[in-house]
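Subject: Structure handover

Hello,

Here is the structure for you to look over. My notes follow below it.

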Amino acid sequence: MRYQGEAAAQVEAELRWQFWERFSLVGFVGGGAAWNDYERFDATQSAVSGGGGFRYEIARKYGIHMGLDVAFGPENTAVYVQVGSAWARP
């Protein structure tokens, strides 16, 4: 694991646009940092990543979406299948 420390912090955001019936587009960004000593915060290891994708609502009754994402990080690019969401929805 590249980014390690005794303390860590992270922030994430996702924006979704339901443009037609069951189809939507998403964009996301996240950042994090890890450090060992609050006195030497300049030695922090940090990373920012982001990406986008599309979703199809497979279960309207439950608000469950499925889709394909492309994410870009400091060293790698990833393509993955997404089912559900980590974000609470009304």
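**Pocket lining**

β1 (7-20), β2 (23-35), β3 (45-59), β4 (64-72) and β5 (77-83) each give at least two residues to the lining of the largest pocket. Strands here are DSSP runs of E, at least two residues long, and helices are runs of H or I of at least four, numbered from the N terminus. β1 provides the largest share of that lining, with eight residues. The lining residues split into 17 nonpolar, 11 polar and six charged. Nonpolar covers Ala, Val, Leu, Ile, Met, Phe, Trp, Tyr, Cys and Pro; charged covers Asp, Glu, Lys and Arg; the others, Gly among them, are polar.

The largest pocket holds about 710 Å³ of space. Its lining has 34 residues, and Q10, E12, G30, G31 and S49 are the closest to its centre. A pocket is an open set of points on a 1 Å grid over the protein atoms alone, where a 1.4 Å probe fits, with protein on both sides within 12 Å along at least five of seven lines; lining residues have an atom within 4 Å of a point. Grid points are joined across faces, edges and corners, and the volume is the space filled by probe spheres set on them.

**Source and ground rules**

This is a predicted model, in which local features need pLDDT of at least 70 and side-chain atom pairs count only at pLDDT 80 or more, while totals for chains, interfaces and linings use all residues. Residues are numbered from 1 along each chain as its sequence is written, and side-chain values use heavy atoms, with hydrogens and water left out.

**Overall fold**

The protein has zero helices and five strands. Along the sequence the pattern reads β-β-β-β-β. Of its 90 residues, 19% are buried (under 20% relative accessible area; exposed is over 50%, partly exposed in between; 1.4 Å probe, protein chains only). Among contacts (heavy atoms within 4.5 Å) with a separation of 6 or more, 40% join residues 24 or more positions apart.

**Charged residues**

Side chains of opposite charge can pair when their charged atoms come close. The count is two salt bridges (a side-chain nitrogen of Lys or Arg within 4 Å of a carboxyl oxygen of Asp or Glu).

- R55 pairs with D69, the closest N and O atoms being 2.6 Å apart. This pair links distant parts of the chain: R55 is in strand β3 and D69 in strand β4, 14 residues apart. R55 is buried, at 2% relative accessibility. D69 is buried too, at 1%.
- R16 pairs with E14, with 3.5 Å between the closest N and O atoms. E14 is partly exposed, at 31% relative accessibility.

Beyond neighbours within four places in sequence, E57 contacts Q18, R22, G63, I64 and H65.

**Two more residues**

E21 sits in the loop between β1 and β2. Its phi is positive, about 40°, although E21 is not a glycine. Most residues other than glycine have a negative phi. E21 is exposed, at 57% relative accessibility.

F54 lies in strand β3. F54 is partly exposed, at 39% relative accessibility. Setting aside neighbours within four places in sequence, F54 contacts S24, L25, V26, M66, G67, L68 and D69. F54 and M66 are 12 residues apart in sequence and 8.3 Å apart in space, C-alpha to C-alpha.

Best wishes
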